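Hi everyone, thanks for coming. Today I'd like to talk about charged side chains and how they pair up. Let me put the structure on the screen.

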Amino acid sequence: MTTAIVVGSGPNGLAAAVRLARAGVEVTVLEANSVIGGGARSVEMIVPGLVHDHCSAVHPVAAASPFLDELTRTSDLRWLAPAVDCSHPLDDGTAGVLHRSIQKTAAGLGADGRRWRQLFGALTTNFAGLYADVTQPALRIPDHPLLTARFGAASMMPATVLARLFKTAEAQALFAGVAAHVFYRLDRPMTSAVGLMILAAGHEHGWVVAEGGSQSIVNALVAELESHRGVIETGHRVTSVADLPPTDLLMLDVSPSIAAGILGSRLPRRVARAYRRFTHAPGAFKVDFAVEGAVPWTAPSAGQAGTVHLGGALSEVVASEQAVHLGKMPDRPFVLVGQQYLADPGRSVGNINPVWTYAHVPHGYTGDATEAIIAQIERFAPGFRNRVVGMAVRSTTEMSVDNANYIGGDIIGGASSASQLLFRPRVALDPYFTGVPGTYLCSASTPPGAGAHGMCGINAADRALDALGHASP
């Protein structure tokens with residue numbers, strides 16, 4: 001029987017393991033930590049029974065994954081949607097508001113509604129085809145060339161250029177806040193790509209959360225793997241391929257530099273050089289809050305939104321992201337707030353609600369951004385501080401210690417420069433293949449990148465099966 005070892009149990013590692021196990025491969029997953037799931041975990045913190053997502057929290061792109069969609073029909077995985085997908089409040093009490101409905105979003109954007117419909121209408125109407133193309137490596141002929149070309153033309157623009165196509169402060173801020181998920185300075189080419197994809201996915205599927213927490217995604221993957229006799233071993237850190245038993249396939253759900261360390265001299269020189277040149281994104285500084293009652297947002301839409309972006313107007317978002325990219329901690333960092341309990345009330349305990357936040361900070365940041373995060377929330381929700389009954393802080397350094405793949409606090413698997421967005425982790429027809437026979441990289445450092453969608457693992461597993469002459473399930 002064909003055997004496989006998967007190093008790492010994040011969503012991509014588990015997705016690769018499931019794909020291989022379904023094809024009849026005998027799969028063992030090795031996880032360094034005592035618990036599985038990587039960034040897609042959920043834990044009780046601060047107050048007993050209060051459920052907080054460990055890292056990954058809101059899943060528009062994962063909900064679009066055909067692979068995970070299948071799991072929603074065969075497992076307990078369920079997507080839940082808030083009344084408002086995303087709100088980006090401004091200092092005057094107004095906000096840019098994102099709804100699943102393009103028409104409702106456009107109506108709220110006033111003079112910019114028509115342009116919003118023009119930008120996202122075709123992308124959303126044909127989203128399944130777009131998703132199938134953009135979740136594959138760039139060096140291939142797309143199945144939907146006209147649609148992909150339309151997406152590509154807009155994606156090539158710096159986010160600052162695309163944002164300024166809108167005239168209202170609300171629309172500009174809304175787009176800028178979503179574009180900031182790219183974790184890169186927004187005046188550079190291709191920084192519109194991530195924002196466009198997340199917005200199109202949201203208009204098609206909503207900015208949903210997993211019922212019970214992101215851990216539910218992992219639980220569904222584990223159940224499917226075990227139904228095909230896959231095995232998971234925790235507390236097993238892999239530092240060298242020499243420490244592993246013989247296997248036909250080795251799948252690495254790790255960053256390129258860690259893969260280079262594991263494979264050592266077996267890695268071809270050109271690949272080793274590319275892996276060691278791979279650059280990482282700025283860091284994340286995370287604070288979870290236990291809050292009595294609702295957050296007292298000034299903008300009403302923020303009180304209904306599963307996600308709230310705190311960065312002020314377009315110019316401020318651009319300036320703070322540029323500072324972070326240059327290694328400077330801004331006084332007012334871009335802060336993401338998750339209110340998953342609005343869609344999934346079972347995460348709360350009585351009138352105590354879990355509020356999830358993190359700030360964009362410089363790569364390797366060693367300071368404390370807690371007060372900066374609280375100040376940004378207070379700016380748009382005066383009195384928030386008085387409702388906090390407890391909090392848990394995870395610094396950028398602690399991020400990288402907890403998960404070795406989060407180098408310097410990078411939670412997205414690599415810097416979103418134009419070259420790395422197109423060709424990650426290196427320029428190759430098969431970016432998953434390491435050059436070592438039977439060995440593949442399947443982490444978020446491969447196409448299509450960050451998220452709990454599992455597509456990096458699926459793509460890598462499909463390449464591995466093709467090389468062995470196995471049909472993909």
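Let's start with Arg-379 and Asp-91, whose side chains meet in a salt bridge at 2.8 Å, N to O; by salt bridge I mean a side-chain nitrogen of Lys or Arg within 4 Å of a carboxyl oxygen of Asp or Glu. Arg-379 sits in helix 15 (residues 370-380) and Asp-91 in the loop between strand 6 (84-89) and strand 7 (95-98), so this pair ties together parts that are 288 residues apart in sequence. Helices (H or I, at least four residues) and strands (E, at least two) are DSSP runs, numbered from the N terminus.

Before going on, a word on the source: this is a predicted model, where local features need pLDDT of at least 70 and side-chain atom pairs count only at pLDDT 80 or more, while totals for chains, interfaces and linings use all residues. Residues are numbered from 1 along each chain as its sequence is written, and side-chain values use heavy atoms, with hydrogens and water left out.

Now, are the two partners buried or exposed? Arg-379 is buried, at 17% relative accessible area, whereas Asp-91 is exposed, at 56%. The cut-offs are under 20% for buried, over 50% for exposed and partly exposed in between, with a 1.4 Å probe and protein chains only.

Arg-379 also forms a salt bridge with Glu-316, with the closest N and O atoms 2.7 Å apart. Glu-316 belongs to helix 14 (residues 314-325), and this pair links distant parts of the chain, 63 residues apart. Here both partners, Glu-316 and Arg-379, are buried.

Finally, the structure holds 16 salt bridges. Thanks, everyone!
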